[in-house]
Amino acid sequence: MQTVFSHIVQKRFSRLNEDVATDALAFILQASNSARNGMMKLLRGLLVDLPDLHFRTQQAEGNIRPDMWGFHQTDPLVFVENKFWAGLTDNQPVAYLKQLATYGQSSVLLMIVPEAREHILWRELQRRLKEAAIVVSKCDKTSGITYSVKTEIGLILALTSWAKLLAILELEISDDPSARSDLLQLRALCDVADSQAFIPFSSEEISDHRTSALVLQLSALVQAATDLAVSEGIMNINRLMPQASWDHIVTGK
């Protein structure tokens, strides 16, 4: 269901979806003790002895700028990074984890993403940890968290979806009409951002030769990945026949 809030954001500030969602979530956590309790339940599933936190947004530290910080008094114990469909920055997650480690306490880096993106983004996070030679071990399953690992430097990297987080908060704020209204606005924004993730090509993009070139490049990438999977014995395409070719489709040959 679309709301006035989600309509205005999509109409005027669609490129700022993640920033707006972050500010909305922080506002709800600051304004409602019940919502904050819900967030703490989620985080304490990862770190049992995590103290009560207060949350701030968009603070920079060195060359990183996590979307939301969770502080106990003046000590940062949690980074929350909110995503819809934007890619990871070069600093995520490794630089974020290393920055948290400098504070000398058990900490959590929580990623919040659309459900449809959970698996793919988690694979990329794992790849980056491996490239940085950060050894991890699986954490016990906890309610509301899709994936989580404990790193050798003592920090936890976890991933959940907007849908799971909002469902947890909704349970906690059932007796708080104001917070329920605010959360409904945030949920509507998340739903619209998800549904409009893949926007159709404009007429200008269709007539731009760079679009055709991109399709050909992506086609070559898919073919190369298929060939590699076959050569490595990961995939078997015996008895499968190609039915179309992207270069024929794009060039009309």
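**View 1. Phenylalanine 71 stands opposite proline 76 in E3.** Strand E2, residues 68–72, and strand E3, residues 75–82, run antiparallel and are joined by five bridges; strands here are DSSP runs of E with at least two residues, helices are runs of H or I with at least four residues, and both are numbered from the N terminus. Two strands are taken to pair if DSSP finds at least two bridges between them. The model is predicted, so that local features need pLDDT of at least 70 and side-chain atom pairs count only at pLDDT 80 or more, while totals for chains, interfaces and linings use all residues. Residues are numbered from 1 along each chain as its sequence is written, and side-chain values use heavy atoms, with hydrogens and water left out.

**View 2. The open sheet holds seven strands with mixed pairing, in the order E1-E2-E3-E4-E7-E6-E5.** Because strand E1 (54–57) and strand E5 (136–138) stand at the edges with a single partner strand each, one side of each is left without a neighbour in the sheet. From one strand to the next, the twist averages 25°, where axes are lines fitted to C-alpha atoms, for helices over the stretch in contact, and angles run from 0 to 180 degrees between N-to-C directions.

**View 3. Helix H2 (residues 17–31) packs on the sheet.** The helix touches E1, E2, E3 and strand E4 (108–113), and its direction makes about 155° with that of E1; contact means heavy atoms within 4.5 Å. Valine 20 is found in helix H2 and is buried, with a relative accessible area of 19%, where buried means under 20%, exposed over 50% and partly exposed in between, for a 1.4 Å probe and protein chains only.
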